Amino acid sequence: MSRIFEVTDKVRSHDPRADIDLINRAYVFAAHAHANQKRSSGEPYLSHPLAVANILASLRLDDKSIVTGLLHDTVEDTSVTLEDIQSRFGEDVARLVDGVTKIGKIHFPSTEHKQAENFRKMILATAKDIRVLLVKLADRLHNMRTLGFLPERKQEGISQETMQLYAPLANRLGIHWLSQEMEDLAFSYIDPESYKMLSNSLADHLEGLNQTRERLERILQEAVSRQGVSARVQGRMKHLYSLYQKMERKQLDFDEIYDLVAFRVIVEDLPTCYQTLGVIHSLYRPVPGRFKDYIALPKPNGYQSLHTSIIGPDNFRLEVQIRTEDMHRHAEDGVAAHWLYKDGVSGEEAKRNFQWLNQLTELLQDSDHPGEFLETVRLDLIVQEVYVFSRDGDLFALPRGALPLDFAYAVHTDVGNHCIGVRINGQQADFQTRLHNGDQVEVLTNTEQTPSRRWLQYVRTPRARQAIRQWFRREEKEASVRVGRGILNEIFGKRTKLGPKILTSLKCGDVEELQARLGRGEIPVDKLLDVAEHNHIKGLSMQGTKQGLIHAAECCRPLPGDLVLGCFQHGQGMVVHHQDCPHAGEGKQETWVDVKWTPDAGKLYPTLLEIKTKNRRGMLSAVSGSIAKSGGEIEDLRIHQLAGSVTTLTILVEVSDRVHLANIMRAIRREDDVIRVKRSMETGVVRKSKHGIKHTIRAMIRKGIPRSSSS
């Protein structure tokens, strides 16, 4: 267990100006607040905030961050309030504690929803002050170090979340040691069998590997020193999870991995980095395609180094990183490295330095689907990156395989929504062109342009995909509200006010929600009418409206269960067309929406069947008999003699739904000499007989006339 004097000694060593008294007062306050609490390990609860404060001190953070680490669980787990924190420790500390405090008193429909909202709260707070995320990462790291005391089910769930969210976030902040330790700990719980096997293999080779590391350190150190370069060489073992990933990715056994040790050469200044690279390449053969210049082209989190792979002494393949002391400090501690030399890092500076944080903040503000947002974040954080430039020279990191629309949406959602084309390196390119490192991308826009559903085929990033879907959701919501408003006006008139009782009965928060749910078909119109009648809503204006508010268009005669588009028409209610109907979606002034249309009990709906048969006596009687036995009603028909001995019957038949129609079609196909049965959407081919279709059919059967050209 950490001790408070260990924490304060660390803070003094890197920040002599720190308010040590403030830290000590926070320690005493936390000790009182958590006095009667124990951790799952049986230790006093205070051991956890002390450990978090110690991690933050190791990151060389400021005194307010250390105080927040000591107090971060007081509001969530004790009777302490944010007002108590603010009155004793100031507004900054209260804001930081609030940022890392989970949302506890709100009921959420699912665990995922709660997780998403807590994550959303933390990211919004991080956008204002990056220290919120640093405290949260220190909190998660200590929880992972002590995870063995929790039930197995919780171990795996917390480890999955750590692997998918918090380790990648630490990596994005550039705190690689923290990210790597989280990954190794999470790996040990997610796949304990692979972890144990790999750690045992490494332990078996550890002595030999350490000897090799020390020998190669000495050889490289002497080699660069002989060339007059002042440098220090460090060797380090690769962490377990990165080894596991490499073995899985390349399908290798442990004994087939030769670069278990990586080396850093730390020099005095930037020119010496390139000089040292030349020295190493002159001594040892570089591996083609393995050189990366992250000094000239830093990673979005600010990381800088030269990376190269060489065939070193004894034909060992070595990975070498060359950097200055400042670059090394940033590579180790990321954004936390700034705190010793600056008065903190503001939210605005963080958003400039960490473009991903700016994009993440924008993404969650646009999202109204928590589960989708959380999945988007997971995918966005774990993918490898390609680096491209805007026309103005700004650097953007995108997932490998990204396409031009991904870049457009990375610049801004509005830029993506209005994109009409792109130029890559000055040349016109299409939306399917894959982006590569160093590409310069110019986005062409037009305010008249809006997203197409086909664009979902031309994006790879979760951010772009969500932005496109979000645009359509907004458009569909607006359309649903307009349709719902039309339905309410048609039934009740424009001046009728719907009171809170009717909204409560229909479980709607306000009239707009009622309109949207009506327009989407989530609230059936008959239920609306029942509730209105029960609540004594007067002035129903049904004059001129057909019975029921959903009607099949006569041009294509759709059935309940078909994929249909609906359009609200005054005096008719909702008129639905089959999605394959040529009239579906017509008219710029009309609002078309997808409709879920279910059949009314006992009601029959007309539709057309086209039946091709061999021409024989009694054929019409057989077909009409099959329809009758299957419960269908024939309303009208037309008979057309084709060349040779084939006849086509076009029959207007009434059925209850698509299933009923399918049964009728199967019954007809079973008749001898029936060649083909299909549904028809021809318009105007059948008109109801003046004297009644049943009379006409009976007369034709009596006379034995199967070849009439019309009925």
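Reader: Which residue caps the N-terminal end of H26?

Author: This is a predicted model, where local features need pLDDT of at least 70, side-chain atom pairs count only at pLDDT 80 or more, and totals for chains, interfaces and linings use all residues. Residues are numbered from 1 along each chain as its sequence is written, and side-chain values use heavy atoms, with hydrogens and water left out. A polar contact is a pair of N or O atoms within 3.5 Å; within protein, one must be able to donate a hydrogen and the other to accept it, and residues adjacent in sequence count only if both atoms are side-chain atoms. At H26, a side-chain oxygen lies 3.1 Å from the backbone nitrogen of valine 659, and this oxygen belongs to the capping residue, aspartate 657.

Reader: How far does H26 reach from its first C-alpha to its last?

Author: Helices (H or I, at least four residues) and strands (E, at least two) are DSSP runs, numbered from the N terminus. H26 covers residues 658-669, which makes 12 residues. The expected span is 1.5 Å times one less than the number of residues. That gives an expected 16 Å, and the model comes close to this with 17 Å.

Reader: What is the angle between the planes of phenylalanine 187 and tyrosine 244?

Author: Rings of Phe, Tyr and Trp (its six-membered ring) pair if their centres lie within 6.5 Å; planes under 30 degrees apart count as stacked, over 60 as edge-to-face and the rest as tilted. By this rule there are 10 aromatic pairs. Phenylalanine 187 and tyrosine 244 have centres 4.7 Å apart, and this tilted pair has an angle of 35°.

Reader: How many residues apart in sequence are the parts this pair ties together?

Author: Phenylalanine 187, buried at 2% relative accessibility, is in helix H11 (residues 176-190). Tyrosine 244 is in helix H13 (residues 240-250), so the pair links parts separated in sequence by 57 residues.

Reader: Are phenylalanine 396 and phenylalanine 407 stacked or edge-to-face?

Author: Phenylalanine 396 is buried at 7% relative accessibility, and phenylalanine 407 at 1%. The ring centres are 5.1 Å apart and the planes meet at 70°, so the pair is edge-to-face.

Reader: Over the ring of which residue does the charged end of arginine 453 sit?

Author: A charge sits over a ring if NZ of Lys or CZ of Arg is within 6 Å of the ring centre and within 35 degrees of the ring normal. The charged end of arginine 453 is 4.2 Å from the ring centre of phenylalanine 472.

Reader: How far apart are the C-alpha atoms of glycine 69 and proline 49?

Author: Glycine 69 lies in helix H4 (residues 63-71) and is buried, with a relative accessible area of 0%. Leaving aside neighbours within four places in sequence, glycine 69 is in contact with Pro49, Val52, Leu56 and Val135. Glycine 69 and proline 49 are 20 residues apart along the chain, and their C-alpha atoms are separated by 5.9 Å.

Key
Buried < 20%, exposed > 50% of the residue type's maximum accessible area, 1.4 Å probe, protein only. Contact = heavy atoms within 4.5 Å.
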